[in-house]
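Subject: Structure to look at

Hi,

Here is the structure I promised to pass on. Have a look at it first, and my notes follow below.

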Amino acid sequence: MLAALVALAGMFVALYLTLYKLGYVGTLVCSVGSCETVQTSKWATFLGFPVGAWGVAYYIAVMGVSLAGLTPALAERRAVSHLLVAMTGFGVLFSLWLTYLELFVIHAICEWCVISAILATALFVICWLDLREVTAWAEELAAELRGAGYGREIRDTAEVSVRAVKPED
């Protein structure tokens, strides 16, 4: 749930930057740095879309996957955690690239971009910790099942089928 809330905050930041880039917001409120310099540079557009719009899509996708992972059917699945770590890892790398551009190419810092990068990093840490928790839970469950001898005497899947049809007395 925490990942979804952080993603929601990131979506609002990215939406604000997108609305500025599209001309719906007159000036950016930026107390520190040069937000408008960054947002009006050629680097503020990626593959024909504002970088902020890519951020909106990213944060919505992360929020959607993290909320889907809360459903009972997916709550303990490692695949959801792996997907979130991959998605947020990409988000951190993309944010690092954009921060590099701000510092060494554009020579201006946008505080909203920095906030988005911090949120992307927080998302990665949250999702990585969740993956560790889910993995530990799965390993603990597997150890309990092995310790109880569950399935120890079954040799192959054919034997499972035979036991299902004709249980032992």
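Bear in mind that this is a predicted model. I started with the inside: the largest nonpolar core has 22 residues, and Ala7, Tyr58, Tyr59, Val62, Leu84 and Leu123 are the ones with the most contacts inside it. Two or more residues each come from helix H1 (2-21), helix H3 (51-68), H4 and H5. H1 is the main contributor to this core, giving seven residues.

Beyond its neighbours within four places in sequence, leucine 84 is in contact with Val62, Val65, Ser66 and Cys127. There is also another core, lying apart from the largest one, with 10 residues that include Val25, Leu28, Val38 and Cys113.

Now for the aromatics. The structure holds 10 aromatic pairs. Take tryptophan 43 and tryptophan 97: their ring centres are 6.3 Å apart and their planes sit at 85°, over the 60 degrees needed, so this pair is edge-to-face. That pair links distant parts of the chain, since tryptophan 43 is in the loop between helix H2 (35-39) and strand E1 (45-46), while tryptophan 97 belongs to helix H4 (residues 78-106), 54 residues apart. Tryptophan 43 has 31% relative accessibility and counts as partly exposed; tryptophan 97 is partly exposed too, at 35%.

Phenylalanine 49 and tryptophan 54 make another edge-to-face pair, because their planes are at 85°, with the centres 5.8 Å apart. Phenylalanine 49 is partly exposed, with a relative accessible area of 48%, and tryptophan 54 is partly exposed at 34%.

Which residues make the nonpolar surface patch? Trp43 and Trp97 turn up again here, together with Tyr100, Leu103, Phe104, Val105, Ile109, Val114 and Ile118, and the patch covers about 800 Å². H4 and helix H5 (111-147) are the elements that give two or more residues to the patch, with H4 giving the most, five residues.

Cheers

Key. Residues are numbered from 1 along each chain as its sequence is written. This is a predicted model: local features need pLDDT of at least 70, side-chain atom pairs count only at pLDDT 80 or more; totals for chains, interfaces and linings use all residues. Side-chain values use heavy atoms; hydrogens and water are left out. Rings of Phe, Tyr and Trp (its six-membered ring) pair if their centres lie within 6.5 Å; planes under 30 degrees apart count as stacked, over 60 as edge-to-face and the rest as tilted. Helices (H or I, at least four residues) and strands (E, at least two) are DSSP runs, numbered from the N terminus. Buried means under 20% relative accessible area, exposed over 50%, partly exposed in between (1.4 Å probe, protein chains only). Patches are made of residues with over 30% relative accessible area and no salt bridge: like charges are joined within 9 Å, nonpolar side chains (Val, Leu, Ile, Met, Phe, Trp, Tyr) within 5 Å. Accessible areas come from the Shrake-Rupley method with a 1.4 Å probe; for residues, only the protein chains shown count as cover. A salt bridge is a side-chain nitrogen of Lys or Arg within 4 Å of a carboxyl oxygen of Asp or Glu. A nonpolar core is a set of buried Ala, Val, Leu, Ile, Met, Phe, Trp, Tyr and Cys residues joined through side-chain atoms within 4.5 Å. Contact means heavy atoms within 4.5 Å.
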